[in-house]
Amino acid sequence: MDGCLFCRIIKGEIPCSKVYEDEEVFAFHDISPQAPVHILVLPKKHIPDLSEMKEEDCGLMGKLVWAASSIAREKGFAGSGFRLVVNTKESAGQSVFHVHMHLMSGRNFHWPPG
Ligand code: AMP
Ligand code: ZN
């Protein structure tokens with residue numbers, strides 16, 4: 001989508017530190033990491049946020065979770081634990097309106113989150 005930061009990163013118009021890519025999924029390091037490991041995992045399809053997910057996106061969202069889990073195993077932090085977060089709307093902390101999962105690891109995380 002024109003003007004979407006993450007669509008532009010996926011298209012290669014804006015540089016990123018890529019971690020993973022396939023036909024439907026893209027992952028890169030967060031520019032402002034909040035943990036020793038902080039990777040963003042997103043669909044190439046532009047979906048603004050989880051509230052706009054359609055039933056037809058169920059398989060796609062499953063692939064995001066699978067990609068996150070696979071990245072965790074391949075990078076060696078699956079065993080020590082990780083957190084997968086999807087902020088939805090400004091009130092929940094969303095700042096980029098192309099749905100994405102934060103894959104975070106390498107420190108202890110508190111509950112409930114702030
Ligand atoms: P959220 O606030 O949940 O929408 O997450 C957006 C995330 O995108 C934040 O953690 C930002 O640090 C990250 N971010 C913003 N711009 C970039 C960029 N150019 N490259 C990588 N990560 C970015
Ligand atoms: Zn987008």
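Ala, Val, Leu, Ile, Met, Phe, Trp, Tyr, Cys and Pro count here as nonpolar, Asp, Glu, Lys and Arg as charged, and the others, Gly among them, as polar. Keep that in mind for the first stop. The model is predicted.

**Stop 1: ligand 1**

Select ligand 1 and the residues around it. The shell divides into 7 nonpolar, 8 polar and 1 charged. Of these 16 residues, Asp-30, Asn-87, Gly-93, Ser-95 and His-102 come nearest.

Now color by secondary structure. Helix α1 (5-11) and strand β2 (25-29) each supply at least two residues of the shell. The most come from α1, which gives 3 residues.

**Stop 2: polar contacts of ligand 1**

Show the side chain of Asp-30. One of its polar atoms lies 2.5 Å from an oxygen atom of ligand 1. Move to Ser-95 and show its backbone: an N or O atom there is 2.7 Å from an oxygen atom of the ligand. Then select His-100, where a side-chain N or O atom lies 2.9 Å from an oxygen atom of ligand 1. On its own, ligand 1 has 500 Å² of accessible area, and the protein covers 83% of that.

**Stop 3: the zinc ion**

Select ligand 2, the zinc ion. Which residues coordinate the zinc ion? They are Cys-4 (SG), Cys-7 (SG), His-46 (ND1) and His-98 (ND1), at 2.0 to 2.3 Å. The 4 donor atoms subtend angles of 106 to 117°, so the arrangement is tetrahedral. Along the sequence, the donor residues follow the spacing C-x2-C-x38-H-x51-H.

Cys-4 sits in the segment before α1, and His-98 in the loop between β4 (83-85) and β5 (101-105), so the pair ties together parts 94 residues apart in sequence. Both Cys-4 and His-98 are buried.

Technical notes: Residues numbered from 1 in each chain as written. Chains lettered and ligands numbered in written order. Predicted model: local features only at pLDDT ≥ 70, side-chain atom pairs only at ≥ 80, totals over all residues. Heavy atoms only, no water. Near = heavy atom within 4 Å. Polar contact = N/O pair within 3.5 Å; in protein donor to acceptor, adjacent residues only side chain to side chain. Areas by Shrake-Rupley, 256 points an atom, 1.4 Å probe, with all protein chains shown as cover. Helix = DSSP H or I, 4+ residues; strand = E, 2+ residues; numbered from the N terminus. Donors = N, O, S within 2.8 Å, 3.2 Å for Na, K, Ca; no water. Tetrahedral: all angles 85-135°; square planar, octahedral: opposite > 155°, others 65-115°. Buried < 20%, exposed > 50% of the residue type's maximum accessible area, 1.4 Å probe, protein only.
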